[in-house]
Amino acid sequence: MSDILDAQVDVLINKIKHYLITTIGKTLEEATDREFFQSMSWALREEIMINWTATKHTFAKKRVRKAYYLSMEYMPGRLLANSLTNISQLDLICKMLHKLGRKKEQVFLLDPEIGIGNGGLGRLASCFLDSLATQHYPAMGFGLRYQYGIFEQQLWYGVQVERPDCWLLHENPWSFRRDAHAHSVYYGGRPIQTLASNGQTTYDITDYDEVRALPYDLPIVGYGSQEDFPVLTLRLWSTKESPHNFQLQRYNAGHLDQAAENTALTDVLYPNDNNEMGKRIRLKQEFLLVSASIQDIIDQHLTVYQSMDEFGDKVRIQINDTHPALSVAELMRQLTHCYGFKWDHAFEVTQQVISYTNHTVLREALEEWNESRLQNLLPRQYKVIEQLNTHFCNDIRKKFPGDEERVRRMSMIEQGQVKMANLSIYGSHHVNGVAALHTEILKNDIFKDFNELYPDKFINVTNGVTQRRWLLHCNPKLSNWITSHIGDGWITNFDEIKNIAKVASDPSAREEFLKIKHENKTALIDLLKEQSINHHCQECELEENAFLNENALFDIHIKRLHEYKRQLMNALHGLMLYQELKENPSAKIPERLIVFGGKAAPGYELAKNIIRFIYCLSRKICQDPDIKHRLRMVYVENYNVSKAEVIIPAADLSEQISTAGMEASGTGNMKLSMNGALTIGTDDGANVEMRQHVTDQWWPFKFGASAEANFRMQKERTYSPCKIMEENPRVKRAISALSDHSLVENDVEHEALMTLYRSLTEGYNHSRPDPYFVLNDLQDYYDTQRRVDELFLDQHKWAEYAIHNMAGMGFFSTDNSIRNYADQIWGLTPCPLDKEELDAVRQEFMAVDLCRIRKID
Ligand code: 26Q
């Protein structure tokens, strides 16, 4: 066995040498780490290309139905190491690097971090692709190739500064430009009514802007044997590299910004999550994704089937939130205008093909576009929407005669705004929420009217995460431990993780678990130290590393900054704990390290002030000699997928404390649980189902008001945070620290904390005081944290709980979510690699590989 491995190492080294010489012109000795990384990737690529080609051939040959995932965001993180894990080749690479004396950490660091998304929604899309690939589903992802992904976050004395994320600075060996599949996308112009050959009225346009969308493909490597692992495609559109997109006339007229608008279309990802913005360029981006992808899907279909007759049967399109909602209008338009479909037939096919996933219950995040903006930018699609809306309103009237108020509420176009959710629901055969509670809220509240009209349309598909990246890859020690106890079936059948419960009461297994947790905490401490060395302003926090030991309770809160996620409540708990420790130094409370990570949308002032508050408080704590050995708070700069891969395995406690009824699902909650953290959480999003699967017995830290109670408070307007402050001296003392200068060092800091104080007590920017009910849950949260302390003091008991929590996560694999989409929404069946196709590609490759132009012996 090891001989084979040694031989493989040598072959690989030879291939790397080949690429170094033929593409860079260097020998192994003189190659820099980056040149080495590039050549290594090119060498490894060969294996992956073979299976990628064979996967494509298989889908075409078998003429299977195919699902297309349309998403404005993806968050793959680093691709290479995970792909190697999936094909069980990581050992080989490590061995090879060792033999050559290259540091693996340094080499893998050169793999670019792909963060072309904001957070949950984009990461979910990436987990889905992994599960689609691994389970052999015929599928493909479409997105945009933003030149700048989610900004790089720097923290200067508690102030978030945004820097561009230049992930494309170096050539990416895993990104394939596909000129043959470029498409034209049309904006603006004037619609001209035309009569098609079948008597159908459609619209041409004149005086339009034509933009060329050029795709770049990324391979998505599924988990599988070294022989027949599947590889799917993530196709990302760019307008950057098409010179015709530059509008020279406008440049000559002195308008550089207008001239460059189309070449710059895919330059930047909008850094807002859960917030609607209504910007014109964003609308252009959304339509670029929609129009180019639909043309591409139709092309692919015609290549296999030669006609559009079976399109409705063979194609499924999933839209990730409403961002690609124009798909409904654009598919209608292409079917009627380009392929001669009659309106009713086109609509039947559109509805058969499209389905929509909703990811939010926050009303301010429901997408709407100004009607004239949409009409000017996309005149033909606007006409289709108008016509769809007429049909739709008639449907409503048929079922609810005389109820014009209902028609008004449900209409796609209302008061000069086009409502993308309404369009998406009408154009889809299914609409799904992302957790059971979330789907109920959609059906009974947000989309109640729609559910009454189409009761069978709404279904739930609970989110998940891929255990391959979020356990196998990021936590190899715990993975080996799991495999040693229950075998490795869990890697592709996560239900089997339930078997780990059998060791929960075994003292030696608990010891092993605790030891691994400690080692992972050491790795996180190293990451934090690195940050404190590199970054300027948190000197005091980590200067005394003595405190940062593996025995402390690692309390982790990682997610985008948002008021409803209540990082502020966590920080206030830290403040209350600080005050308690000052007052009562002999209290039996374990050491605690509170870790935050997450980006604030650049224009979200309150969110940025929450970061600042955390900074001020952590400074206060670490300057206090009585406390700094017992409590610390750190803000991890630039939280991203790679940082998550270090932080999550080190967590003892997972903070999932959103205002109940507001977090659609959450997925970090699942990642932390499967890595052996206990959850302190409200009954919100997927927390509810996690609790049910873990059972109440092993889910000890639930707290806070229910979603129902919160909705009632909202509706009845009975909530008064000031009353809570008056009645609860401990809460009052904490909140007062925001206004009494005790945490700040200058006026600017004071002003920042005052906005938080005001938002809690009197309301900020015309909103009600404490709109996310922080004070309402604060005392319960504080008391629950003291129960956390108590349990943590008994490490063996803690380990028992943690193992039972891991055991309850089987349901929360995206393998399961994807099976639900495939069975209940798409009607899709797995299609494993065809052996003949694979052999054929391999044969052809081997012939090429042996071929040298001039053979020298
Ligand atoms: C919309 C219009 C213009 C600009 C930006 C946007 C925009 C972008 C991203 C709106 C929303 C998002 C992202 C939403 C999101 O990430 N939602 C999260 O989705 C997760 C996966 O389902 C859930 O687990 C989280 O609960 C949900 O918050």
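A backbone N or O atom of A664 lies 3.3 Å from a ligand oxygen in this predicted model. The table lists this contact with two others; a polar contact is a pair of N or O atoms within 3.5 Å.

| Residue | Protein atom | Distance to a ligand oxygen |
|---|---|---|
| A664 | backbone N or O | 3.3 Å |
| G666 | backbone N or O | 2.8 Å |
| N463 | side-chain N or O | 2.8 Å |

Taken alone, the ligand exposes 620 Å², and the protein buries 97% of that (Shrake-Rupley, 1.4 Å probe). Around the ligand stand 18 residues (a heavy atom within 4 Å), of which L121, H359, N463, E663 and G666 come nearest. Helix α6, residues 120-134, gives the most to this shell: three residues. Helices are DSSP runs of H or I, at least four residues; strands are runs of E, at least two.

The model is predicted: local features need pLDDT of at least 70, side-chain atom pairs count only at pLDDT 80 or more, and totals for chains, interfaces and linings use all residues. Numbering runs from 1 along each chain, and side-chain values use heavy atoms, without hydrogens or water.

The structure holds 24 aromatic pairs (ring centres within 6.5 Å; Trp by its six-membered ring). Y187 and F287 pair edge-to-face (planes over 60 degrees apart), at 5.8 Å centre to centre and 70 degrees. Y187 sits in strand β8 (183-187) and F287 in helix α9 (280-305), so the pair ties together parts 100 residues apart in sequence. Y719 and F773 are both buried.

How values were computed. A polar contact is a pair of N or O atoms within 3.5 Å; within protein, one must be able to donate a hydrogen and the other to accept it, and residues adjacent in sequence count only if both atoms are side-chain atoms. Rings of Phe, Tyr and Trp (its six-membered ring) pair if their centres lie within 6.5 Å; planes under 30 degrees apart count as stacked, over 60 as edge-to-face and the rest as tilted. Buried means under 20% relative accessible area, exposed over 50%, partly exposed in between (1.4 Å probe, protein chains only).
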